[in-house]
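Open the model in your viewer and keep the selection panel at hand. The tour below goes stop by stop.

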Amino acid sequence: MDSNDTDTLLALVASLLTEKRPDPDTILEALVQCDGDVEAAANLLNGKADIKTKKRKRVGLETWLEKSSKSPRISSDGPSTQEESRNKPPSSSTHTRLLPVVDLMSVLQPPPSPTKKKLVQLPPLLLTNPDMVAENTPCTLHLSVLPPELACKLFYTMIAASRSWSRNKWWLFDRVVESPHRTSFFAREGSGPMQEAAQHWYNGRMTDPPSTFPSAMEEACEIVERVVNEQLKRRQRFPLEWGAGDTDGAWRANVAASNCYEGSKESVGFHSDQLTYLGPYPTIASLSLGTQRIFSLREVIPADEVNDRKARTFNIPLPHNSLTIMHASCQERFKHSIPPQQAIDLFRPAFPETPGADIQSSNCRINITFRFYRPDFTPSCTPRCKCGIPTILRPDMKNRSDGKSDRYWWSCYAGAQNDGKGCKFWKVMDMKAEGRGSDFHKTYLRDDYSRHLLRFMDTRSEVHTGLHFERRS
């Protein structure tokens with residue numbers, strides 16, 4: 001027997017002790033008195049029996065085992081015959097000596113943690129037609145939505161306007177970043193308080209008053225409104241959505257954000273739109289003109305499902321004159337982007353900019369997102385943070401629930417423009433306490449909307465106003 005066996009016996013006895021652990025000499029003496037029986041030695045030590053020790057020459061357990069194997073054992077009942085000893089079951093001490101060497105690390109180390117289920121990462125899925133888009137996302141795709149000549153006219157109008165558009169800048173992680181595309185904002189004529197809302201439209205930065213819709217954009221907006229409202233009639237509305245449960249909960253665009261992506265590298269990363277003036281479960285209609293680009297959608301997996309599945313990316317090619325409607329729940333569940341591409345096809349308009357002019361190819365994509373800023377989320381009722389600027393509204397995307405009790409919060413966004421410094425203001429939105437939602441909607445339809453229409457009419461000529469009123473009534 002080597003010294004490792006002695007250490008093993010000492011460790012086994014020590015592991016069975018319930019009282020204060022004695023020194024190794026005492027444990028070894030107990031083993032000697034108990035003929036190497038581990039359990040007996042532990043019981044002896046646990047019973048606090050006196051163990052008489054005497055000075056003697058220090059020997060290893062292997063020496064003791066060698067001596068004890070040579071000396072015959074005598075039973076208390078008298079000597080036994082060779083036949084009896086052959087049939088007698090082995091004693092506990094003999095059994096102990098035959099135990100294999102135990103790896104103490106395997107006994108003392110904690111059990112391994114349960115193996116996590118390996119999740120399959122599905123590859124990006126290309127959605128090439130409207131049916132695939134509707135099946136996999138909370139969006140609908142509508143091709144050739146505008147008359148071809150109007151689509152070209154609006155494209156030329158926005159390309160000319162985009163030369164004066166700017167790239168937005170904001171603070172992110174202690175440095176100023178710049179958006180990789182040009183952008184601008186428009187408010188519909190007669191939109192009233194939405195003119196003020198439009199001045200806070202991007203990253204908490206006060207901007208100049210927005211331009212009104214050009215005539216081609218106004219004409220396109222009326223067509224887009226009809227398409228959107230036809231779609232809303234077929235969809236189940238969410239309780240927190242504007243117009244839920246109301247037959248007159250029509251969607252009417254009053255502002256539009258426009259972006260110009262020039263070439264294949266201009267892009268925008270994954271994001272969800274701020275809901276500060278859109279409110280919960282908004283509907284956003286995105287019109288694409290010019291060069292075809294990919295529109296990517298990726299779901300934000302709820303916290304209680306991250307161990308069960310991974311997010312998948314859906315890529316939707318958006319050709320010229322196509323309308324993508326991001327329906328209610330898209331901003332709560334998905335993030336979207338326009339990724340850079342290796343190459344793009346040049347867009348060649350079907351009509352010249354002016355009669356008789358040459359048609360020039362373009363590498364630009366114009367995107368116009370028509371939005372409905374809700375009257376119960378006007379700037380006057382937007383909470384302000386300690387920095388003194390309007391807060392932004394965001395959904396709790398990782399802890400969404402049933403569409404009825406989803407949470408949203410107001411938070412400071414001053415740091416986007418104030419050298420990255422904000423006040424860390426944070427507040428959960430309470431629709432009822434803040435006077436928003438269905439009750440406001442009913443009052444708005446009964447009283448305020450008629451006054452809103454009259455104000456809208458006052459901005460037009462008598463003939464044009466009458467025609468517009470017929471469309472809206």
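## Stop 1: α9 and α11

Select helix α9, residues 148-162, and helix α11, residues 215-233. Their axes come within 9 Å and cross at roughly 135°. This is a predicted model. Angles over 145 degrees would count as roughly antiparallel, and 65 to 115 as roughly perpendicular. The crossing of α9 and α11 is left-handed.

Now show side chains. On the α9 side, pick L150, K153, L154, T157 and M158. They meet A216, M217, E219, A220 and I223 of α11. Colour this contact by class: seven residues are nonpolar, one is polar and two are charged.

## Stop 2: α2 and α3

Move to helix α2, residues 24-33, and helix α3, residues 38-46. Here the axes lie 8 Å apart, and the packing angle is about 120°. That angle makes α2 oblique to α3. Which hand does the crossing of α2 and α3 have, left or right? α2 passes α3 in a right-handed crossing.

Select the contact next. α2 supplies T26, I27, A30, L31 and Q33. α3 supplies V38, A41, L44 and L45. By class, the contact of α2 with α3 has seven nonpolar residues, two polar and no charged.

## Stop 3: the cavity

How many cavities of 30 Å³ or more does the structure hold? There is one. The largest cavity has a volume of about 110 Å³.

To find its centre, select W242, W251, P282, T283 and F372. Of the 14 lining residues, these are the closest to the centre of the largest cavity. Then colour the whole lining by class. Nine residues are nonpolar, two are polar and three are charged.

Terms used. Residues numbered from 1 in each chain as written. Predicted model: local features only at pLDDT ≥ 70, side-chain atom pairs only at ≥ 80, totals over all residues. Heavy atoms only, no water. Axes fitted to C-alpha atoms, helices over the stretch in contact; angles between N-to-C directions. Helix = DSSP H or I, 4+ residues; strand = E, 2+ residues; numbered from the N terminus. Left-handed = near helix turned anticlockwise from the far one by under 90°. Contact = heavy atoms within 4.5 Å. Nonpolar A, V, L, I, M, F, W, Y, C, P; charged D, E, K, R; others polar. 1 Å grid on protein atoms, 1.4 Å probe; cavity = no way out; pocket = protein on both sides within 12 Å on 5 of 7 lines; lining within 4 Å. Points joined across faces, edges and corners; volume = space filled by probe spheres on them. Parallel < 35°, antiparallel > 145°, perpendicular 65-115°, else oblique.
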